[in-house]
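Dear colleague,

I am passing on the structure that we spoke about, and I would be grateful if you could look through it alongside the notes that follow.

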Amino acid sequence: MTGTVNDFLAILPMRGGSERIPKKNLLDLAGKPLYSWILDTVLSIDGAHVVVDTDDDEIAEHVSVRYSDVQIVRRPSHLGEGTTPMNEVLLNTLKNTPAYSTVLQVHATNPFVSRKTLESAVETVVTSDECDSAFSVTRLQARLWTKDIEAVNHD
């Protein structure tokens, strides 16, 4: 980064109860657990203070062994449901970490987000007079239908 960002908090929330793919955050992807890809990327950014928020003992232990410099925030069980709004999870994490003026949230299920992309997002938010948040999207070029097979974005 160009030096305009001093320190920021990076939060990686990882729930243990994945419904579609059990223990997905710990599954091997090309020789590393899925979560390690994004965690390694974030840890490579100067000024990143990384926190893993989890409700799962196995995830907490795994991260603690592999990443001794990463803070673990234990999520209360009532915030571990798949229907829990992420804002509630993040508020709990923020209550249990030192205060930072800039917060980056990443996901284990986005293992190939680049350091450059994350640095650019943080820098944009910190230096902009026009925005106080940013998020990434992926262009979807596909035809979409409703459950009743009605066209959503085409004739």
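The second largest pocket is lined by 17 residues, and those nearest its centre are P13, R15, K24, M86 and H107. Here a pocket is an open set of points on a 1 Å grid over the protein atoms alone, with protein on both sides within 12 Å along at least five of seven lines, whereas a cavity is a set of points where a 1.4 Å probe fits but cannot get out; lining residues have an atom within 4 Å of a point. The volume of the second largest pocket is about 390 Å³, a volume being the space filled by probe spheres set on the points, which are joined across faces, edges and corners. At least two lining residues come from each of β1 (8-14) and α3 (86-95), where helices (H or I, at least four residues) and strands (E, at least two) are DSSP runs numbered from the N terminus. By class, this lining has 5 nonpolar, 6 polar and 6 charged residues, with Ala, Val, Leu, Ile, Met, Phe, Trp, Tyr, Cys and Pro counted as nonpolar, Asp, Glu, Lys and Arg as charged, and the others, Gly among them, as polar.

Please bear in mind that this is a predicted model, in which local features need pLDDT of at least 70 and side-chain atom pairs count only at pLDDT 80 or more, while totals for chains, interfaces and linings use all residues. Residues are numbered from 1 along each chain as its sequence is written, and side-chain values use heavy atoms, with hydrogens and water left out.

The largest pocket holds about 600 Å³ of space. Its lining has 23 residues, of which L104, Q105, A121, A134 and F135 are the closest to the centre. Two or more lining residues come from each of β6 (103-105) and α4 (115-127), and α4 gives the largest share, 8 residues. This lining divides into 12 nonpolar, 10 polar and 1 charged.

In α4 itself, the buried residues (under 20% relative accessible area, with exposed meaning over 50% and partly exposed in between, for a 1.4 Å probe and protein chains only) are L118, E119, V122 and E123. Seen down the helix axis, they fall within an arc of 130°, so they line one face of α4; the arc is that of the directions from the axis to the C-beta atoms. They pack against β1, α1 (34-43) and β6, contact meaning heavy atoms within 4.5 Å.

For α3, the buried residues are V89, L90, N92 and T93. Their arc is only 160° around the axis, which puts them on the same side of α3, while N87, L91 and K95 are exposed on the other side. The elements that cover the buried residues of α3 include β1, β4 (48-54), β5 (71-74) and β6.

There is 1 cavity of 30 Å³ or more, and the space in the largest cavity is about 40 Å³. It is lined by R15, G16, K23, K24, N25, L26, D56, E58 and I59, which divide into 2 nonpolar, 2 polar and 5 charged residues.

Finally, two backbone angles deserve a look. K23, in the loop between β1 and β2 (28-29), is not a glycine but has a positive phi of about 55°, and K23 counts as partly exposed at 44% relative accessibility. A30, in the loop between β2 and β3 (32-33), is likewise a residue other than glycine with a positive phi, near 55°, and A30 is exposed, with a relative accessible area of 65%.

With best wishes
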